[in-house]
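Welcome, and please take a moment to look over the sequence and the model. We will go through a few parts of it together.

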Amino acid sequence: MIGLQRLETGLGPVQVAFDGDGAVIYLGFPDHEFRTALLAKVQSLGPAPQVPAAILGRLALQLDAYAAGRRRAFDLPFRLHGSPFEQRVWAGLLRIPYGELRSYGQLASELGDPNLARAVGRANGANPISILVPCHRVIGASGALTGYAGGLPRKEQFLRLEGALRPGD
C-alpha cells in the first residue's frame, strides 16, 4: 500500500501521499467516497515515500490558512497522473478562480465540447488531489451541489468559505 500520511488540519483530518520529489500525488479525506479507487490508481505509481516533517508542516499551514479564509491559492508542488482528457479537465479546474463556480457543461464548453459534461463529471470525480485542484467549484447545471467525492456537506463548507455560496443558497 502507498505511504499515506494523515494530517490534522483546520479542514479536519486529511490523508496525503507524495512522490519521490516531494510533490503531492494524493490529497483526500479519510471518509472520501471514492477513496479506494483513487488510492488504487495512485498505488499503481509505485511506493510513496514518507516525506520530511517540514513538507507536511507546509501543507498543514496552507490548509489551515485556507480553512481560516486567509489563503485563496496554494503554492505546493503536486503531480497529477491521469489520461490526457483527465489532465485537460483538471487543468480547467485550476483555472476556476477562488469563489467562482462552473457547471459541468460550462467546463465542457471551455474545453471545446459542451456535449462532454458527463465525461467532465467523471474526470472531476477522478481528481486525486482535493482542494489543491478545486473540483469542489463545479456544480450541476441547475445550480445544485452535486458529485463531490468528499461529501456534499464538505463541498458546501468549502464553497461558503470561498464566498461562492451565500446564506440562504
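Is Arg-102 buried or exposed? Arg-102 is buried, because its relative accessible area is 17% and anything under 20% counts as buried. Please keep in mind throughout that this is a predicted model.

Arg-102 also has a charged partner. It forms a salt bridge with Glu-100, and the closest N and O atoms of that pair are 3.3 Å apart. Glu-100 itself is partly exposed, with a relative accessible area of 35%. Elsewhere, salt bridges with shared partners tie Asp-19, Asp-21 and Arg-79 into one network. The count for the model comes to eight salt bridges.

Let us visit two other pairs. Arg-6 forms a salt bridge with Glu-8, with 3.0 Å between the closest N and O atoms. Glu-8 is exposed, at a relative accessible area of 54%. Then there is Asp-75, which forms a salt bridge with Arg-58; here the closest N and O atoms are 3.2 Å apart. This pair links distant parts of the chain: Arg-58 sits in helix H2 (53–67), while Asp-75 belongs to the loop between H2 and H3, 17 residues apart. Asp-75 counts as partly exposed at 46% relative accessibility, and Arg-58 is partly exposed as well, with a relative accessible area of 37%.

Now turn to a pair of helices. Two packed helices are described by the angle between their axes and the distance between the axes. For helix H3 (residues 84–94) and helix H5 (residues 117–125), the axes come within 9 Å and cross at roughly 80 degrees. H3 and H5 are therefore roughly perpendicular to each other. On the H3 side, the contact is made by Phe-85, Glu-86, Val-89, Trp-90 and Leu-93. H5 brings Ala-119, Val-120, Ala-123 and Asn-124 to the contact. Sorted by class, the residues in this contact of H3 with H5 are seven nonpolar, one polar and one charged.

Which residues of H5 are buried? They are Ala-119, Val-120, Ala-123 and Asn-124. Seen down the axis of H5, these buried residues fall within an arc of 140 degrees, so they line one face of the helix.

Our last stop is towards the end of the chain. Arg-154 lies in helix H6 (residues 152–161) and is buried, with a relative accessible area of 15%. Leaving aside residues up to four places away in sequence, Arg-154 touches Phe-29, Asp-31 and Tyr-148.

In the segment after H6 you will find Leu-165. What is the relative accessible area of Leu-165? The value is 12%, and Leu-165 is buried. Again without residues up to four places away in sequence, Leu-165 touches Leu-145, Glu-156, Leu-159 and Arg-160. Although Leu-165 and Gly-99 are 66 residues apart along the chain, their C-alpha atoms are separated by 8.3 Å.

Technical notes: Residues numbered from 1 in each chain as written. Predicted model: local features only at pLDDT ≥ 70, side-chain atom pairs only at ≥ 80, totals over all residues. Heavy atoms only, no water. Axes fitted to C-alpha atoms, helices over the stretch in contact; angles between N-to-C directions. Helix = DSSP H or I, 4+ residues; strand = E, 2+ residues; numbered from the N terminus. Parallel < 35°, antiparallel > 145°, perpendicular 65-115°, else oblique. Contact = heavy atoms within 4.5 Å. Nonpolar A, V, L, I, M, F, W, Y, C, P; charged D, E, K, R; others polar. Buried < 20%, exposed > 50% of the residue type's maximum accessible area, 1.4 Å probe, protein only. Arc of directions from axis to C-beta. Salt bridge = Lys/Arg side-chain N within 4 Å of Asp/Glu carboxyl O.
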